[in-house]
Every structure is written in C-alpha cells, then in structure tokens.
Amino acid sequence: MALNFANNNSLSAITALPASISGGAMTLISTQTASSSATISFTSGIDSTYDEYVFKFYNIHPATDRAFLQFQVDTGTNTNYNQTITSTYFHAFHDEADSNTALNYVTSKDQAQGTGFQTISYNTGNANDECNNGELHLFAPSSSIFVKHFISRFATADDAGFSDNPHCAGYVNTTTALTRVQFKMSSGNIDSGVIKLYGVS
C-alpha cells in the first residue's frame, strides 16, 4: 500500500488532498431558523444525491421547560410523519454540583416498531441560557432495498443544572425512499435555534 504525504508538514498549508483520498465532504443544502415554531420540516433536498445526510442543531431552545427534541420522517409527498421506527436510547449526565453522575439506558425513549416521533435530546431547560446542540445522521434514505438507519448525539443543558449527553440510534423500517424529515419538541414550541441540513459525498 502506497503512503501519501502532504508536501508541507503544516496542516494549515495543505490546500488539497492527494488524489487517492476522497469523500467525506459536506455540502450545505438548506438552513431553517426556529421562531416559536410548532414544527420545522425539511421537505426537499433529501434524495439519491447523497448516501448520508446530516442535520446539525445549534442552540435549540424550547418554549416549555423539560422538553425533548424529536423527529419523524415520511415518504414521497406524504405528511403523516408516522413511519415505523425501532431504536435505542441512552444518556450520560453530570450535575453542576459534581454530586450526581450516571450512564443510563432510557426505555421510555426507545421504540420497538413504533410510529411516534423519536426523541433525540433530553430534558432541555427553557431558561434564557439553556439549550441543546447536536447532530442527526440519516443513512441512504433513497435506498429501495434496505431499511434506513440513523444515529444522533446531543449536548444538553437541562432544567436542573445537568450536562446531558443523549445518544440515539435505530432504523426506519421501510424500503421506500424517505424524502422528508420533521422536528418538534415533545411539548410546546421550538422557541429559537437553527437547523442545517448537509449532504455528505
């Protein structure tokens, strides 16, 4: 196997990758900004162009205390957002007083062939300085052969002074192409925040 070296040892001086290194580039497709939004829906831009789509979440602030960010998907031009999901969900947390730490599986947040919205964040506080940030990866949504896998990871400032790190993974149990994704809080509106959709080549 041949090794490829940058001509200059300084990473800041690298202007191009060797020809044998490719892939992984992220292309911004669209951006949506919440403003007391009941839902935020991405209804275009998810197709066969990319095998992976990434949603990035910036300072998602709920109107309601202890709300969870959730998502669902749909096919074609459908807007029911009730596709069948099987998922897992766990989180690590640590409080500001350094007195309460744990790593827990949360059975109430997973689904076993459920059709509800999938929780991906944790108890986010609605105080002015509380929010959550994270990302959701959706793999090969246009496949007509396989189920559609997803993974997510968030950093949450919750309502009780905890740093929360929730992880979720699973699959949408359909071989029909997914074309749209909707986000909402488990209760109340998305008061503010930005969601960006990227395609990964």
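**Aromatic pairs, strands and salt bridges**

Q: At 1% relative accessibility, does Phe42 count as buried or exposed?
A: Phe42 has a relative accessibility of 1% in this predicted model. The cut-offs (1.4 Å probe, protein chains only) are under 20% relative accessible area for buried, over 50% for exposed, and partly exposed in between. With its 1%, Phe42 therefore counts as buried.

Q: Of the residues of the chain, what percentage count as buried?
A: Residues are numbered from 1 along each chain as its sequence is written, and side-chain values use heavy atoms, without hydrogens and water. As the model is predicted, local features need pLDDT of at least 70 and side-chain atom pairs count only at pLDDT 80 or more, while totals for chains, interfaces and linings use all residues. Of the 201 residues of the chain, the buried share is 40%.

Q: How many strands does the chain have?
A: Helices (H or I, at least four residues) and strands (E, at least two) are DSSP runs, numbered from the N terminus. The chain has 0 helices, and its strand count is 13.

Q: How are the rings of Phe42 and Phe55 arranged?
A: The structure holds 10 aromatic pairs (ring centres of Phe, Tyr or Trp, with its six-membered ring, within 6.5 Å; planes under 30 degrees apart are stacked, over 60 edge-to-face, the rest tilted). Phe42 and Phe55 have ring centres 5.1 Å apart and planes at 70°, so the pair is edge-to-face.

Q: How many residues apart are Phe42 in strand 2 and Phe55 in strand 3?
A: Phe55, at 0% relative accessibility, counts as buried. Phe42 and Phe55 form an aromatic pair. That pair links distant parts of the chain, with Phe42 in strand 2 (residues 40-42) and Phe55 in strand 3 (residues 52-62), at a separation of 13 residues.

Q: Which strand holds Phe154?
A: Phe57 and Phe154 make a tilted aromatic pair, 5.1 Å from centre to centre and with 40° between the planes. This pair also links distant parts of the chain, 97 residues apart: Phe57 lies in strand 3, and Phe154 in strand 10 (residues 148-157).

Q: Which are the edge strands of the open sheet of 4 strands?
A: This open sheet has the order 2-12-4-8, with antiparallel pairing (strands pair if DSSP finds at least two bridges between them). Pairing on one side only makes the edge strands strand 2 and strand 8 (118-119).

Q: With which residue does Glu135 form a salt bridge?
A: The structure holds 2 salt bridges (a side-chain nitrogen of Lys or Arg within 4 Å of a carboxyl oxygen of Asp or Glu). Glu135 has its closest N and O atoms 2.7 Å apart with Lys56. Glu135 lies in strand 9 (residues 132-139) and Lys56 in strand 3, so parts 79 residues apart in sequence are tied together. The partner of Glu135 is Lys56.

Q: Asp159 and Arg66 meet in a salt bridge; what is the N to O distance?
A: The side chains of Asp159 and Arg66 meet at 3.1 Å, N to O. Asp159 lies in the loop between strand 10 and strand 11 (162-172) and Arg66 in the loop between strand 3 and strand 4, so the pair ties together parts that are 93 residues apart in sequence. Asp159, at 23% relative accessibility, counts as partly exposed, and so does Arg66, at 44%. The N to O distance is 3.1 Å.
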